[in-house]
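These are my notebook entries on one structure. I set down what I looked up, one topic at a time.

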Amino acid sequence: MSNSRILIVEDEGIIAKDIQNTLNRSGYSVVGIASSGEEAIKKAMEIHPDLVLMDIVLKGAMDGVEAAEHIRDHFDIPVVYLTAYSDDTTLQRAKITEPFGYILKPFQEKELYTTIEMAIYKHTTQRKLKESEQWLATTLKSIGDAVIATNVNKLITFMNPVAEALTGWKQEEAIGKPLKDVFKVINEKTGKQADDPVATVLREGVIVGLSNHAVLIAKDGTKRPVDDSGAPIRDDKGGIIGVVLVFRDITDQKKAQEALQRSELKYRELVQNANSIILRMDSQGNVTFFNEFAQHFFGYTENEILGKNVVGSLVPKIDSERRNLAAMIREIVLNPEKHAINENENMRKDGGRIWVSWTNKAIHDKDGNVVEILCVGNDVTERKLLERQLFQALKMESIGTLAGGIAHDFNNLLMGLLGNASLMLMNTNPADPNYNRLKSIEKQVESGSKLTSQLLGYARKGKYELKHINLNKLVKDTSEVFGRTRKDITLYLELLPDLLAVEADKGQIEQVLWNLYVNAADAMPDGGDLILKTFNTEHRNIKDRLYVPKPGKYVVLAVTDTGVGMEKETQQRIFDPFFTTKEMGRGTGLGLASAYGIIKGHDGYIDVESRKGEGATFSIYLPASEKKIANAAKITEKLLKGTETVLLVDDEEII
């Protein structure tokens, strides 16, 4: 049962007391009894009951209808009339006050209870609805966007203050007017009337927006760019009963966008036309920007590279120096300040390797988190190549100086041994037991002399007898002999018929060839193929080497084997004296070193290309000569003797 607080207004005391008893039995609390309209208003103001039971006919100047109207207007308290009269005149007067119920005297207790409960429920519902409407109206008036509501006939039913300001129409003027008279929108580009969003909402029942470039024309003719959306207003059954239009002035937004576009265009033109690589990558290393210079440099289009990770596309996981570049990129992303400047090997789309010097700068969000890295790079491949050339030249020169000095001193020792042994042999009978020992000393000295000859060859201090020779013939003769010693190796000769001549020491070049043949054979212990190829070329065709060839024509000999190959580290030391990959006792490490020195002594170049497990190619470049090849002179083995006197000058007494 309800415990609502009731005020009884009845000028008949007995009736009032009876109503009170009835209400108490029903569980209500009677908070007061008034016998006149004036007293009813006073008590309503003081105790503010939940409901007033009002007799229409009261004694005094103010009847129940007048009192009920005052209570409704000032205190918002529901009133239920009690009357013994049911004439039309009284009822019409009572209707004006919008009562919450009528009870005709006499009444049943149940009828009274039902009427009171319905009245209180109805008043509570109406109050909540009114509060909701007031909250909604206040909200719509307070928001920064303009709001216009229409019914299904496109007639305006509501406008908030922002809509009034933008359209130039007051709500009082606009209510009931067609929307098109108040909300006039044209297309900025064409000047024609824009599509009606309200019509679309009513027709399709969906939320729609204005097309781009919409301009609102106010009542005074002022034009403003606007952005808007329209949505259907539905009843509790889902039926459309109107449309709400929300729009805003975007003048400042458009100005800001235009300024931003101008700034971005200026920045983009500057970045795109820069003669440097400019790219951005996110915190995962994925490319988010790639300027035109970068596209031309690496060979990727913007669509091909955006979204790809730099590792595997622009940066190899492991570079040619075995550095882990994938780990380096992760470190740059995590700590860009530590790697503000770095140089590393990069790769183009076609697989070509280049060196780039990078400047890296972190881009932070508003919370200070790194969201992107801006990378500006410049090609330093040529500088790195020159650095490597200089380092290699200095290394080889210093080793050559050392080797030459050792060989010179060692040769002097050997010369003393050989001279003394020869003098002793001249006075020793072949039957003498010491004769063979002296001959053995002589042979060992000759073997030592070959080692010093190789060292001197590396140091480019050997003896040269330069003649114009046919490199093809030299390759044929030496390879034929080699082929007979290693029948498990198949020889292929690709010799250019009109090969240019070279000016060289035949014996020295033969030594180079034999060193290369032996090196190839050692790389193919189970046999394989050895390809010997000669051709003519020019300096401009010799690219990407650790040296810059002198201008001119060159004769090239390429010696290719199908052996075990070698890794990058081995290739970088392959021409160093005493460096060998063979097991102890199987090599001196001077063969390729002397070949290097001999070729350099002929103003030529030698290099190697190889991959582990894919064989190796040694390429020799000798300056070409336009002169004709001279016929070889016959050599006699007869010892020539003379009677002349010879003066020998040497700083070594033993010699």
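**Entry 1: salt bridges.** I looked up R248 and found that it forms a salt bridge with D227, with the closest N and O atoms 3.3 Å apart. A salt bridge here is a side-chain nitrogen of Lys or Arg within 4 Å of a carboxyl oxygen of Asp or Glu. The pair links distant parts of the chain, since R248 lies in strand β12 (residues 240–249) and D227 in strand β11, 21 residues apart. Helices (H or I, at least four residues) and strands (E, at least two) are DSSP runs, numbered from the N terminus.

This is a predicted model, in which local features need pLDDT of at least 70 and side-chain atom pairs count only at pLDDT 80 or more, while totals for chains, interfaces and linings use all residues. Residues are numbered from 1 along each chain as its sequence is written, and side-chain values use heavy atoms, with hydrogens and water left out.

I then checked accessibility, where buried means under 20% relative accessible area, exposed over 50%, and partly exposed in between (1.4 Å probe, protein chains only). R248 has a relative accessibility of 29% and so counts as partly exposed. D227, at 34%, is also classed as partly exposed.

E173 is partly exposed at 35% relative accessibility, and K219 is partly exposed at 46%.

I also recorded D488, which forms a salt bridge with R486, the closest N and O atoms being 2.9 Å apart. D488 is partly exposed at 36%, and R486 is partly exposed at 21%.

**Entry 2: helices α16 and α17.** I turned to helix α16 (residues 471–485) and helix α17 (residues 506–523), whose axes come within 10 Å and cross at roughly 45°. Axes are lines fitted to C-alpha atoms, for helices over the stretch in contact, and angles run from 0 to 180 degrees between N-to-C directions. Angles under 35 degrees count as roughly parallel, over 145 as roughly antiparallel, 65 to 115 as roughly perpendicular and the rest as oblique. α16 and α17 are therefore oblique to each other.

Which residues of α16 and α17 meet? With contact meaning heavy atoms within 4.5 Å, the residues in α16 include L471, L474 and F482, and those in α17 include I509, L513 and W514.

**Entry 3: helices α2 and α3.** I found that the axes of helix α2 (residues 37–47) and helix α3 (residues 64–75) come within 9 Å and cross at roughly 20°. That makes α2 roughly parallel to α3. In this contact, G37, A40, I41, A44 and M45 of α2 meet A67, H70, I71 and F75 of α3.

**Entry 4: positive phi.** I noted that H48 has a positive phi of about 45° although it is not a glycine. H48 is placed in the loop between α2 and β3 (51–55), and H48 is partly exposed at 41% relative accessibility. K154, likewise not a glycine, has a positive phi of about 65°. K154 sits in the loop between β6 (146–151) and β7 (156–159), and K154 is partly exposed at 31%.
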